[in-house]
Amino acid sequence: MRFPRKIIFAACALVMASLALCGTSQAAVSRTAQDRRAAEERREFASFIDGFLAGIQKELHVPGMAFVAVRGGEIIYLKGYGLADAAKGGSVDPERTLYRVGSISKIITAAAVLQLTERGRLDLDEDVGTYLRRWTLSDSTLGPVTLRNLLTHTGGFDDKRYEICAPTSDDERHFASRLPKLMPARYTPAGHSYCFSNMGYALAGSIVERYSRQNFASAARKYIFEPLGMEHSAFAPSEELLTALAAGHGADGAPVAYTYRYDMPANGMVTTAADMGRFMLAQLGEGALGKKRILPATYANSMLRRHFSPHPLIDGTGLAYAEKSVLGVRTLQQSGKLPGYSSFLMLAPDKKFGLFFAANIADLGFENDLAEAVTRRFLLASGDVRGELRYEPVGTTEIPAEVEGWYRHNRISRHTAEKARNILGPQLRIAVDGDMLLLTRKGGAGETKEWWAPAGEPDLFRQVDENGRLLDGYMFFERGAGGAVEGMTLRDVYYTYDKLPQTETYPGQVAQIGLFLLTAAVSLFGLLLGLAINRNRLPWEKGLRAATELWTLSTLFCLMQGFFAIGLLLANRWLGGEFATFVPYQVKALFVIPLLAGILLAWLWFRFLASTINPDHHWAEKLLLLAIVCVETGYMLFLANWRLLGFMF
């Protein structure tokens with residue numbers, strides 16, 4: 001029996017329509033299930049973050065906080081907690097409440113540099129000296145510095161913390177004019193090692209100013225903030241915008257005044273949690289947010305890739321971001337710390353995830369806990385959970401003796417009086433302990449110990465716990481051209497340390513200071529004893545007598561140096577907060593004292609040499625005085641080494 005062709009066509013159409021309807025229904029069911037799972041994940045994430053931050057807020061007495069998280073191209077959580085001002089009240093609004101975000105500003109600066117690079121106005125690998133006008137960087141013998149060096153903290157600059165705050169907003173806006181006087185000296189060729197440098201980013205910002213033909217704040221607004229709709233973000237913010245700024249508080253809860261900064265491109269941004277959510281979406285979206293694009297994908301991704309590390313197993317640095325391996329997940333992080341404020345940003349590019357946190361209180365320091373908690377709970381797949389590994393010796397690897405010694409974090413000033421901030425400061429001691437290295441931390445919070453085992457490569461070690469279980473951290477020793485160990489990096493490049501000469505080690509400093517104090521005590525005793533011995537002798541009488549003149553000169557030298565040291569300690573305690581803006585002239589005047597003491601010491605040497613031919617002075621007294629004068633000369637060298645001899649500001 002043959003069916004009419006029309007009936008056959010109609011039946012086929014009906015079957016196809018049924019199948020399509022079935023597929024559509026199944027797709028709708030699948031989408032609904034996905035939406036339910038996504039909603040459930042969001043609720044779980046919100047509950048977890050609320051609980052975590054509530055605990056932090058209570059434990060650390062945080063006045064107010066703002067948080068945002070993004071994932072898969074959208075904001076998954078945005079919330080404010082607590083008060084914008086502990087004294088005046090007002091709830092934190094994550095859309096409008098501003099926070100100062102410190103070093104997170106560097107990310108915007110790096111993006112602005114890349115925009116000009118993409119336009120052909122700048123080159124990341126060009127000597128920045130070609131971009132400067134009417135001034136050059138110091139120590140040109142160390143070779144060129146590039147923009148890539150500035151953006152990866154490998155320019156080889158000393159740290160600088162004194163006189164970096166500007167007196168007014170107008171001074172802050174004109175930071176570039178102050179850079180020729182403020183730029184710190186270089187201590188190593190560019191690209192040799194990582195050393196965190198705010199002033200390096202200030203220099204990059206000044207180059208953005210010149211080649212964008214507008215001030216830096218305007219360039220950031222034009223290139224980054226406006227395209228992304230970051231309406232409440234700014235450098236050098238206006239008075240109107242600052243009315244929404246959360247009031248800063250110190251760690252003790254006391255209010256902190258707003259300070260302007262000459263390193264504005266490194267630390268000067270204010271923003272909201274919502275605005276940072278938009279920026280993270282653009283960063284994870286290869287430079288685009290919706291139809292708006294701030295960077296080509298190549299340049300946006302370049303910010304997140306590694307540009308420097310001393311060893312592949314050491315977490316390195318991107319452009320403005322620091323690499324951090326969190327439970328095996330590669331993240332890019334940046335923390336912001338300014339007086340009165342704390343902030344933290346983390347991206348996990350492979351997971352398309354990012355979070356930002358800000359608070360109006362200083363020195364919270366729980367970033368690692370937050371990163372690990374979120375990663376463990378939401379970013380690790382079931383297959384990512386790693387089993388426990390135990391250390392097993394790798395062959396017969398011998399630990400070279402030259403790695404032993406004392407190490408200090410390399411973020412210091414080496415050429416100015418700021419170096420003295422590190423006298424008796426925290427140091428690490430590395431010693432061989434059997435087939436492992438023992439790392440001991442001195443100073444700061446006290447003494448702690450860690451064990452590190454050879455990792456199968458020269459100068460590379462991996463951390464183990466006291467039970468021999470392998471931990472995530474790696475340690476790598478860096479050698480100079482002659483093969484000598486010059487430094488060491490722990491886990492990531494921020495924790496880069498210089499190996500110290502004996503005179504700057506913790507025991508060496510204690511010995512030098514202790515020897516000087518002993519010399520001062522002996523000098524005073526010698527003076528008093530000499531006065532007693534010579535009391536009943538007339539000046540023209542011959543015979544054994546004490547060298548009271550020399551003991552007097554030595555005692556005066558010690559008293560002057562003691563007065564100088566006490567003056568510095570008191571000035572740092574009472575006026576130290578002002579040093580970031582201006583070192584008072586009263587403090588600088590103190591530096592006259594060691595110079596006068598040096599003149600006194602020269603006279604003491606002259607009188608001592610003259611007294612060596614005086615038969616009235618006992619030979620034992622002459623030997624003791626020789627030792628004392630040598631120690632006092634050594635103390636002058638000690639002051640010179642710490643840049644306290646002269647006006648080195």
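What share of the contacts in the chain with a separation of 6 or more comes from residues 24 or more positions apart?

1. Overall picture. This is a predicted model. Residues 24 or more positions apart make up 67% of the chain's contacts with a separation of 6 or more. The chain has 649 residues, and 50% of them count as buried. Its secondary structure consists of 17 helices and 21 strands. Along the principal axes, the C-alpha atoms fill a box of roughly 155 × 65 × 50 Å.

2. The barrel. Eight strands close into a barrel, and their order is S14-S15-S16-S17-S18-S19-S20-S21. The pairing in this barrel is antiparallel, with a twist that averages 30° from one strand to the next.

3. Strand pairs S14 to S16. Strand S14 (residues 405–409) is joined to strand S15 (residues 427–433) by three bridges, and the two run antiparallel. In this pair, tryptophan 406 has arginine 429 of S15 opposite to it. S15 also pairs with strand S16 (residues 436–442), again in the antiparallel sense, over seven bridges. Here valine 432 faces leucine 437 of S16 as its opposite residue. The hairpin of S15 and S16 has two residues between the strands, and glycine 434 takes a positive phi near 70° in that hairpin.

4. Strand pair S19 and S20. Further along the barrel order, strand S19 (residues 470–479) and strand S20 (residues 485–490) run antiparallel and are joined by five bridges. Methionine 475 stands opposite leucine 490, which belongs to S20.

5. S3 pairs with strand S7 (residues 269–271) over two bridges, in the antiparallel sense. Arginine 100 is set opposite valine 270 of S7.

6. Helix H11. Which residues of helix H11 (residues 297–304) are buried? They are Ala300, Ser302, Met303 and Leu304.

7. Leucine 590. This residue is in the loop between helix H15 (585–589) and helix H16 (592–611). Is leucine 590 buried or exposed? The relative accessible area of leucine 590 is 14%, and the cut-off for buried is under 20%, so leucine 590 counts as buried. Leaving aside neighbours within four places in sequence, leucine 590 has contacts with Phe563, Phe564, Gly567 and Leu568. For glycine 567, the C-alpha to C-alpha distance to leucine 590 is 7.2 Å, at a sequence separation of 23 residues.

8. The second largest pocket. This pocket has a volume of about 730 Å³. The elements that give two or more residues to its lining are helix H13 (506–533), helix H14 (548–575) and helix H17 (619–641). H14 gives the most, nine residues. The lining comprises 26 residues, and those nearest the centre of the pocket are Ala420, Ile423, Ala565, Leu568 and Leu569. By class, 22 of the lining residues are nonpolar, three are polar and one is charged. Leu568, one of the residues nearest the pocket centre, is also among the contacts of leucine 590.

9. Cavities. How many cavities of 30 Å³ or more does the structure hold? There are four. The largest cavity has a volume of about 60 Å³, and its lining consists of Lys160, Tyr162, Glu163, Thr416, Ala417, Glu418, Val583, Met648 and Phe649. By class, that lining has five nonpolar, one polar and three charged residues.

10. The second largest cavity. The volume of this cavity is about 40 Å³. Lining residues include Asn149, Leu150, His153, Thr154, Gly155 and Gly156, and also Phe157, Cys195, Ser197 and Gly200. In this lining three residues are nonpolar, seven are polar and none is charged.

Conventions
Residues are numbered from 1 along each chain as its sequence is written. This is a predicted model: local features need pLDDT of at least 70, side-chain atom pairs count only at pLDDT 80 or more; totals for chains, interfaces and linings use all residues. Side-chain values use heavy atoms; hydrogens and water are left out. Buried means under 20% relative accessible area, exposed over 50%, partly exposed in between (1.4 Å probe, protein chains only). Helices (H or I, at least four residues) and strands (E, at least two) are DSSP runs, numbered from the N terminus. Two strands pair if DSSP finds at least two bridges between them. Axes are lines fitted to C-alpha atoms, for helices over the stretch in contact, and angles run from 0 to 180 degrees between N-to-C directions. On a 1 Å grid over the protein atoms alone, a cavity is a set of points where a 1.4 Å probe fits but cannot get out, and a pocket is an open set with protein on both sides within 12 Å along at least five of seven lines; lining residues have an atom within 4 Å of a point. Grid points are joined across faces, edges and corners, and a volume is the space filled by probe spheres set on the points. Ala, Val, Leu, Ile, Met, Phe, Trp, Tyr, Cys and Pro count as nonpolar, Asp, Glu, Lys and Arg as charged, and the others, Gly among them, as polar. Contact means heavy atoms within 4.5 Å.
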